[in-house]
Amino acid sequence: METKPHHRFSLQNHLLYILLLITSNLFTFYLFSSPHGSPAFSSSLPVPPPPAPSFPSEYYAFTGPHKLPFGHNPNMDSSLLNPPLAHPCLLSGSLLTTFLSYNVNSSCPDDEPLLQKLLLRGCDPLPIRRCRPASPKNPVPPLPYPDSLWTTPPDENIHWSVYTCKSFKCLVDRIKTRSFDDCKDCFDLSATGREIKRWVTPSTNPLDFTIDEVLSLAKPPNSIRIGLDLGGGSGMFAVRMRERNVTMVASTLNLNGPFSNFIASRGIIPLYTTVGKRLPFFDNTLDIVHSMHVLSNWIPTTVLHFVLFDVYRVLRPGGLFWLDHFFFVEGQMEEYVSVIESVGFEKLRWEIDRKLDRGAELKEMYISALLQKPLKNSW
């Protein structure tokens, strides 16, 4: 009786089978093991794009792309121009639609609060509009320099419609009220106001550096010539620096007050921008960057880390970063000290002290620091 032949695997077949088994197991392990417990391939699957929002025609007229009149440009390596528009603009579609709903070649809507809200939501840069902005009805010529530095501009030179106050007297008097407003005492340029004493009057408080103390640390002397004041308020710091032959640009927003117009009226350049936007300066160019209050614990730590590195980027080797009254609470000290120190600045002055005006039980604190980008090996 014939028996059925036995199928025998050769050694080569055994090895091939084992290899296939191991490979399939590894592949299964890879697919279903990810740091978040979900299949690793899930993040690589094509995600359908969100439905394209419908915007006014001015959105598409601005964003283009637009063909360059002379064709391919070697500097751009393109024949098309794509005007800049921040990605977060698309996350505020209804606001952006309202912002771009206007009559071309006519007057813009009187909508500064809308514009500023878009900026604060990250829609920066905004699309350019083809309309004329709201302006003062009967402006008068500005004062000449240097009188403009210390003179409150005429009310006629401000378009007041979007602000609670309708005059500079009202802005100055806000200090007497309990309302919360940004920089309540900034507009008072009188000899009795607090603003005029900032950064020039010596103090026993170690947190209060004076401009002259800071400039004396610059090497060589008089090497601080140009800089940026982040969160420039009414331009007081920039004015004091200009008196010392230092040209400053002051960044600001109009938070219920005409801060940009006020700064400009004094003869200082206002930079209307938000915290977190890449600074509009090239690498290694500025001598000094100053920031008082605007950089503090209200900013997410990761965003703050980016901002500090951007300050480092725009400072020249040997440039100074004056971190003025950085606010936080005691439990956050280790976190913020670590973030600041990680950037790579050298410490020329470093002061940490308590903020006691609202009571010690709140454990509020400040850091004031004068930091220097290394002159050598700063990269």
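A salt bridge is a side-chain nitrogen of Lys or Arg within 4 Å of a carboxyl oxygen of Asp or Glu. I searched the whole structure for them and found 21 salt bridges.

**Ground rules**

I note that this is a predicted model: local features need pLDDT of at least 70, side-chain atom pairs count only at pLDDT 80 or more, and totals for chains, interfaces and linings use all residues. Residues are numbered from 1 along each chain as its sequence is written, and side-chain values use heavy atoms, with hydrogens and water left out.

**Entry 1: salt bridges**

I recall that side chains of opposite charge can pair when their charged atoms come close. I looked up Glu213 and Arg349 and found their side chains in a salt bridge (3.4 Å, N to O). This pair links distant parts of the chain: Glu213 sits in helix α6 (residues 211-216) and Arg349 in strand β10 (residues 346-354), 136 residues apart. Helices (H or I, at least four residues) and strands (E, at least two) are DSSP runs, numbered from the N terminus.

Next I checked exposure. Buried means under 20% relative accessible area, exposed over 50%, and partly exposed in between (1.4 Å probe, protein chains only). Glu213 is partly exposed at 35%. Arg349 is partly exposed at 25%.

I then looked at Arg244, which forms a salt bridge with Glu243; the closest N and O atoms are 3.7 Å apart. Arg244 has a relative accessible area of 26%, so I wrote it down as partly exposed. Glu243 is partly exposed at 34%.

Lys347 pairs with Glu341 in a salt bridge, with the closest N and O atoms 2.6 Å apart. Lys347 is partly exposed at 40%, and Glu341 is partly exposed at 43%.

Which residues are linked with Asp185 in a network of salt bridges? I found Arg194, Glu195 and Arg198.

**Entry 2: Asn284**

I found Asn284 in the loop between β7 (269-272) and β8 (286-292). Is Asn284 buried or partly exposed? Its relative accessible area is 40%, so Asn284 counts as partly exposed.

I listed its contacts, where contact means heavy atoms within 4.5 Å. Leaving out residues up to four places away in sequence, Asn284 touches Arg313, Val314, Leu315, Arg316, Pro317 and Lys373. With Lys373, the side chain of Asn284 makes a polar contact, side chain to side chain, at 2.6 Å. A polar contact is a pair of N or O atoms within 3.5 Å; within protein, one must be able to donate a hydrogen and the other to accept it, and residues adjacent in sequence count only if both atoms are side-chain atoms. I also looked up Tyr312, 28 residues from Asn284 along the chain; their C-alpha atoms are separated by 8.3 Å.

**Entry 3: helix α4**

In helix α4 (residues 112-120), I marked Leu114, Gln116, Leu118 and Leu119 as buried. The buried residues of α4 pack against α3 (93-99) and β7. Just after α4, Gly122 takes a positive phi of about 100°.

**Entry 4: strand β11**

How many residues of strand β11 (residues 364-372) are buried? Nine of the nine are, so β11 is largely enclosed by the rest of the structure. Glu364, Tyr366, Ser368, Leu370 and Gln372 point one way, while Met365, Ile367, Ala369 and Leu371 point the other way. I recall the rule: in a regular strand the side chains alternate between the two faces of the sheet.

Then I checked pairing; two strands pair if DSSP finds at least two bridges between them. Strand β9 (residues 315-329) runs antiparallel to β11, joined by eight bridges. Leu320 stands opposite Gln372. β10 and β11 also pair in the antiparallel sense, over eight bridges. Arg354 has Met365 as its bridge partner in β11.

**Entry 5: disulfides**

I counted four disulfides, each a pair of cysteine sulfur atoms within 2.5 Å.

Cys89 is joined to Cys123 (S to S 1.9 Å). Cys89 lies in the loop between β2 (80-81) and α3, and Cys123 in the loop between α4 and β4 (131-132), so the pair ties together parts that are 34 residues apart in sequence. The torsion about the S-S bond of Cys89 and Cys123 is about 95°, so this disulfide is right-handed. Cys89 is buried at 0%, and Cys123 is buried at 0%.

Cys108 and Cys131 have sulfur atoms 2.0 Å apart. Their link is right-handed, with 100° about the S-S bond.

Cys165 is buried at 4%, whereas Cys170 is partly exposed at 30%.
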